[in-house]
Amino acid sequence: MMKSLPITIDSVRKTYGSYVALDDVSVDIKAGEFLTLLGPSGSGKTTLLMALAGFVRPDSGKLLLGDRDITRLAPNRRDIGIVFQNYALFPHMNVLANVEYPLALRRIPKAEARQRALDTLARVKLDGLSERGIAALSGGQRQRVALARAIVFEPRVMLMDEPLSALDKNLRETMQYEIRRLHDDLGITTIYVTHDQREALIMSDRIAVMNSGRIQQIDTPQRIYDRPSTRFVAEFMGEANIVAPGSVRRIDGADASREALMIRAESFHLDAKLVGRDGVALEGTLRAKAFRGENWLLTLALEGGQEILVCIPAALASGCAELASGQRVTAYAPAAKVHAIPGAAA
Amino acid sequence: MLEAYPDGRLARILLWSLCALVMAFLMLPTLVVVPLSFSASNLLEFPPRAYSLRWYETFFASATWMAALRTSLILGTLTAMIAVPLGLLASISMNRLGGRAAVTIQGVLLTPSIVPGILLAIGLFFVLAAQHLVGTLFGVLVGHVVLAIPVACIVLLPALARFDWNQVQAARSLGANWPRAIGGIIVPQLQISLLSATLMAFLTSLDESVISIFVASGQNSTLPKLMFLSLRDQIDPTIAAISTLWTVIVVVVVLVVTLRQKS
C-alpha cells in the first residue's frame, strides 16, 4: 500500500469578474479518506477540484499536500492522479501506451514500465485489452483505462471529476463499488466530484455539500442525510419536508420545537403504533398518490396549504390503495427522524 | 437533394460544358507554357513549329538559374520549418486565450496576408535596411516567415478548435510539462493539419516574388525574382521550361501530401 497524504484547503477564494466561484473554502481531508464534493452545477465543486489539480489558480488561500504548499506548483509537478469526466484518453495511443505514458514521463525503464502498466490494467480488470485502440473500447472500458492511467504512477492523491456521469445506470452502480474498492485497496486520498446524491452517499467517507461557492456542510453520509445543517442540504439530499413547528403536533402533547423541522418522506408511518409516544403527527388532506413499486408516495396538503411528501413502504401500506383524494390523512414520524434545522425559520 | 440535379439531357450537357469551361479557364494559362518550353525556336511562339529539349538544357546548365533554384528551395524549407512551429504556438495561445484578446492578436497576426504585398515589401525593406540585412538570405527569410505565419495559423486554428483540451490537462496531470504535452499529445494528433500548414508555408515562400525583388541581392536571388528580371531583359523559352518544371514540382508535392492525408 502506498503512503497517502492529507490535504488542507485553507480559505481558498476564486472569482471570475464579479462571480464568486469559491468563497473562502476551507476543508481538511485526512490521509486515505474518500471525500465527495457534492453540489448542483455552478456550486464550485469542479473549480475546487481544478484548483487542487493546478488548472485554476486561487485568488487567495492555500492548498497543502501533506505539509507542502502546492498553491502555485505547476500541475505536472503535483503527482496527483486525475480522472476526467470525458476520460481524456489519448486516441493516438493504444490502451497500454496510455497507461505507460505517466511512467515514460518519469523515465522509468521500459520493461519495468510495461510490467507496472500490465499489472495496473489487470487491477482494473482490463487484462487482454492492452493492444486495443481507444476508439475500439466501450464507455465502461474507457473509464477503466482512465482509472488505470491515473493510479499507475502511484500518486498520493486522486481527483475524480464526475467520472461516472457518461455511463448507464447499471454500469454506474458497478463502477461505484469498484472505484470504492480500488480506493480501499490502495488507501489513496481521494476527492470525488459528483452532483448525484445517491452516488455520494454510497461511496464516501465524508461528503462536503457545496452551493454558490461555499461548503454548506461537511460530514459523514449518514449525518448529512439525517442531520442536515441547512435547508439547502436537507432539500438537496432527498425527498425532504421542511415544515413550520406550528403544523406539527407531538403525540404526547408536549411542546414542539421552535425551529423549522425536517422530516424525510420515508420517515413517515400511517400507523401511530409504529411511532413512539414522543413522535409527531401531521394532519392533512390527500392530494395525490402514486404507486412506485417498492413504496407508495402520498402528497398531503397541510392546513395553510403546504404540501408534504409521505413515502410508505409497500409492505406497510396495506391501506394506501383504498385512500381517496380529498380524504383526511394523519402521518406519524418517530422523534429520532424529526430534525430541527438550526437557525432556519420555516 | 436529388432534385437539385438537372434531369434533362440538355441541362446535363450545359452543366458539363460549363464545368469544362471553368476548368479550362483555370488550367489553360498554366498549361500553355508546357508546349512553349519544348519549342526549338529562340522565340516564345505558340504553337511551336519544332520541338526540342534545348531550353531545359540551358536552364540546367546555367549557374545563375541553378543558384536561384537552390536559394528558393532552401528558403521554402527554412520558411516552413520556422513559420509552422511559430504558427502552431501562436494558434495554441489564441485558442487558449479566447475572447477579445485572441481576436485582437489574430487580427494583428493575419495582417501580413491582408495588406498588399508591395506595402509589406517596402516596409520590410526599411526595417531590414536599418539592421543592414537588405541583400541577405536572412532578410528574405524574415519576410517569407512573416508571410507564412498567417498561412500556417489559418490552417491550424480550426484544427485546434476541434481538439479535446482535456487531453492536455490529463497529460499535464500525468507529469508532462507544456513542451512535452505539445510534442506528445497535440502534434501527433494534428499531423495532417501540420502537414498541410507546412506545404502551404513552403509554397508561400516558393511563390513569393515582391519581397524577394525588394530585399534579395544578386547572389541570393530567388527563382521567381530571377524569372521577373529575365522576362524584362531577354525573352526566350527558358522561362517556359522553368515554369513547366515549377508546375510539375508543385503538383507532385501537393499530390504526395494529399495522397498521404487520404491513406
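How many of the 23 residues of helix 1 of chain B are buried? The legends below take this up, beginning with the basis of the views. The model is predicted, and local features need pLDDT of at least 70, side-chain atom pairs count only at pLDDT 80 or more, and totals for chains, interfaces and linings use all residues. Residues are numbered from 1 along each chain as its sequence is written, while chains are lettered from A and ligands numbered from 1 in the order in which they are written.

**View 1. Helix 1 of chain B.** The number of buried residues among the 23 of helix 1 of chain B is zero, so this helix lies largely in the open. A residue is buried if 20 or more other C-beta atoms, placed from the backbone, lie within 10 Å of its own. Helices (H or I, at least four residues) and strands (E, at least two) are DSSP runs, numbered from the N terminus. At 1.5 Å a residue, helix 1 (residues 9-31) of chain B should span 33 Å, and its end C-alpha atoms are 31 Å apart, which agrees. The expected span is 1.5 Å times one less than the number of residues. Helix 1 of chain B bends by about 30° at B:Phe25, and B:Pro29 follows within four residues. The bend is the angle between axes fitted to the seven residues ending at a residue and the seven starting there.

**View 2. The whole of chain B.** Chain B has 13 helices and zero strands. Its C-alpha atoms fill a box of roughly 70 × 65 × 30 Å, taken along the principal axes. Of its 263 residues, 34% count as buried.

**View 3. The sheet of chain A.** Four strands of chain A form an open sheet in the order 2-1-4-5, with antiparallel pairing. Strand 2 (19-29) and strand 5 (68-69) of chain A stand at the edges with a single partner strand each, so one side of each has no neighbour in the sheet. Two strands pair if DSSP finds at least two bridges between them. Strand 4 (residues 60-65) and strand 5 of chain A are joined by two bridges. A:Arg68, in strand 5 of chain A, is the bridge partner of A:Leu65.

**View 4. The contact between chains A and B.** Chain A gives 17 residues to the contact and chain B gives 15 residues. Two residues are in contact if their C-beta atoms, placed from the backbone, lie within 7 Å. On the side of chain A that touches chain B, helix 2 of chain A gives the most, with three residues.

How values were computed
Buried ≥ 20, exposed ≤ 12 C-beta atoms within 10 Å, placed from the backbone.
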